[in-house]
Amino acid sequence: MSAGNMILLPFVMFLVIHGTLGANYTQLLDFYKTTITDGAYSSKVFPRDTQSDIIDVDMVFYLSSIKEFDEVSGTLELIGILKITWTDELIDDQYNWGIHGNISNILITSSQIWVPTVTIFNSVSKIKVVGDITNKIRVNPSTGAMEWWPGIVLKTGCNVDASNFPFDKQECKVTFTNWGFTNTEVRFVISATSVNLDNYRENEEWSIESTIMDPENIDSISYATYKLTLARRSLFFLANLVFPILILSLLNAIVFLLPPATGERITYSITAFMSFAVYLTLTAENLPRTSEPLSILCVYLMIMTCISAGTALFTITTLRIFHTEEEERVPDRLATIIAVLNCKVCKDEDDDDEDDMEIFAIKTPEPLDSKNAPLDMIDPSADPGVNEKAPLPDDDEAAEDEENEEKEVVKGKYGVDWKLVSATLDFFFFLVFVAGNALITFFFLVPLAAQM
């Protein structure tokens with residue numbers, strides 16, 4: 001080995017050891033002073049040697065949790081962290097490996113260097129740049145790679161579509177932009193195609209079905225939009241809202257099976273009507289105040305409330321018929337319809353024969369005795385008290401007998417009276433309302449169940 005090589009060997013070994021162990025405090029302080037404090041670097045200047053070059057900003061959204069999703073006001077509040085990276089060529093220019101050593105990782109306060117003005121564009125509270133002046137930027141001076149991890153608590157607007165409540169899915173957007181810069185100056189070049197959910201804590205009411213990142217340029221401005229598809233966890237609403245409504249719709253028609261004489265029909269029907277009104281109010285409290293689109297469940301509840309009101313109306317009608325005076329004649333057409341529905345028309349002839357026998361029986365005089373026998377049948381030799389003729393009935397008793405006879409004739413026609421009319425209408429309305437409730441429930445709730 002030559003003498004020159006012997007001289008260079010310790011120097012090379014020093015550099016290797018020095019580069020491996022990294023820079024010491026003096027070297028770090030010298031880099032910081034010559035670059036940030038007293039150097040040519042300025043946070044107000046684009047970190048590019050050529051100022052017309054575009055700065056590409058990469059960003060990854062780490063979602064921590066869904067703090068709140070208010071469907072009524074249409075706001076989504078999230079907690080997360082952003083990983084923002086870019087390249088700073090000015091930092092790279094100030095670094096000298098021979099002087100500053102192997103500085104590969106240094107933390108610099110964000111207020112002292114240039115950082116992109118990443119802003120939550122669709123915030124509903126106020127539009128401000130993410131991060132804080134006290135945040136630290138992790139810098140690699142040898143390459144100019146910058147890495148920033150600002151924490152965020154954001155509240156954005158979300159257009160809520162509650163038509164399929166409580167089996168609805170909502171698509172909410174979180175949009176970021178580089179406030180104040182055009183896409184020819186600063187633009188998003190996103191490497192991650194979705195939200196990072198590695199540290200996500202599940203929400204009790206909503207689950208995340210999918211996320212997607214959609215970079216776009218609108219009016220020469222670069223945007224990074226994260227789309228989150230949220231699905232409602234519907235078990236709570238099934239147990240506390242949907243199932244009770246289904247049971248109530250069935251009980252609503254049973255009012256016609258209650259005996260009219262109990263006097264509880266009106267109370268029962270009004271209670272069912274009020275129950276539907278209460279559930280309609282509870283449903284409306286969980287939905288946004290909008291008419292387009294209107295919740296299918298709300299439409300179903302409104303129709304069922306109207307049906308419940310109709311049930312109360314027909315209940316009153318049948319009760320009025322049930323308590324009609326028995327002396328009042330049932331119209332012939334109505335009696336015929338009731339007789340047909342009760343299969344009594346085929347017995348018409350037999351009923352007429354029975355009516356004739358009944359009339360005959362009513363008009364048959366009592367057996368003759370000594371008190372009402374004719375004079376020529378009185379025994380002269382009998383005691384005078386025995387042959388005494390019974391007194392004739394007065395006019396009031398005769399009129400009452402005639403009225404009873406006429407009443408028997410009216411009630412006997414087809415065997416139909418007002419109570420039979422009431423019972424027939426009760427059974428008819430019961431079938432109509434049960435079928436109507438089943439049809440409406442199938443029409444409205446089956447499409448909702450298909451969304452599960």
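**Exercise 1. Which residue of β11 stands opposite lysine 169? Place the strands concerned in their sheet.**

Step 1. Lysine 169 stands opposite alanine 231 in β11. The model is predicted: local features require pLDDT of at least 70 and side-chain atom pairs count only at pLDDT 80 or more, while totals for chains, interfaces and linings use all residues. Residues are numbered from 1 along each chain as its sequence is written, and side-chain values use heavy atoms, with hydrogens and water left out.

Step 2. Strand β8 (residues 169-178) is joined to β11 by nine bridges, and the two run antiparallel. Helices (H or I, at least four residues) and strands (E, at least two) are DSSP runs, numbered from the N terminus. Two strands pair if DSSP finds at least two bridges between them.

Step 3. On β10 (residues 206-218), 12 bridges pair the strand with β11 in the antiparallel sense. Here proline 215 faces alanine 224 of β11.

Step 4. β4 and β8 pair over three bridges, again in the antiparallel sense, and threonine 119 stands opposite threonine 177 in β8.

Step 5. Strand β11 (residues 221-232) is mostly covered, with 10 of its 12 residues buried. Buried means under 20% relative accessible area, exposed over 50%, and partly exposed in between (1.4 Å probe, protein chains only).

**Exercise 2. What is the phi of aspartate 219, and is the residue buried or exposed?**

Step 1. Most residues other than glycine have a negative phi, and most peptide bonds are trans.

Step 2. Aspartate 219 is not a glycine, yet its phi is positive, about 55 degrees. The residue belongs to the loop between β10 and β11, two strands that form a hairpin with two residues between them.

Step 3. With a relative accessible area of 71%, aspartate 219 is exposed.

Step 4. Serine 220 lies in the loop between β10 and β11 as well. Its phi is also positive, near 65 degrees, and at 43% relative accessibility serine 220 counts as partly exposed.

Step 5. A further backbone feature is the cis peptide bond from phenylalanine 165 to proline 166, with omega near 5 degrees. Proline 166 is in the loop between β7 and β8.

**Exercise 3. Which strands pair with β2?**

Step 1. Strand β1 (residues 55-70) pairs with β2 (residues 75-87) in the antiparallel sense over 11 bridges. Phenylalanine 61 stands opposite leucine 82 in β2.

Step 2. β1 and β2 form a hairpin with four residues between them, and glycine 74 in the turn has a positive phi of about 70 degrees.

Step 3. β7 pairs with β2 over seven antiparallel bridges; the bridge partner of glutamate 77 in β7 is lysine 155.

Step 4. Strand β6 (residues 145-148) pairs with β2 in the antiparallel sense over four bridges, and threonine 85 has glutamate 147 in β6 as its bridge partner.

**Exercise 4. How do the axes of helix α6 and helix α7 cross?**

Step 1. The axes of α6 (residues 265-285) and α7 (residues 296-322) come within 9 Å and cross at roughly 170 degrees.

Step 2. The two helices are therefore roughly antiparallel to each other. Angles under 35 degrees count as roughly parallel, over 145 as roughly antiparallel, 65 to 115 as roughly perpendicular and the rest as oblique.

Step 3. The contact of α6 with α7 has 17 nonpolar, six polar and one charged residues. Ala, Val, Leu, Ile, Met, Phe, Trp, Tyr, Cys and Pro count as nonpolar, Asp, Glu, Lys and Arg as charged, and the others, Gly among them, as polar.

How values were computed
Axes fitted to C-alpha atoms, helices over the stretch in contact; angles between N-to-C directions.
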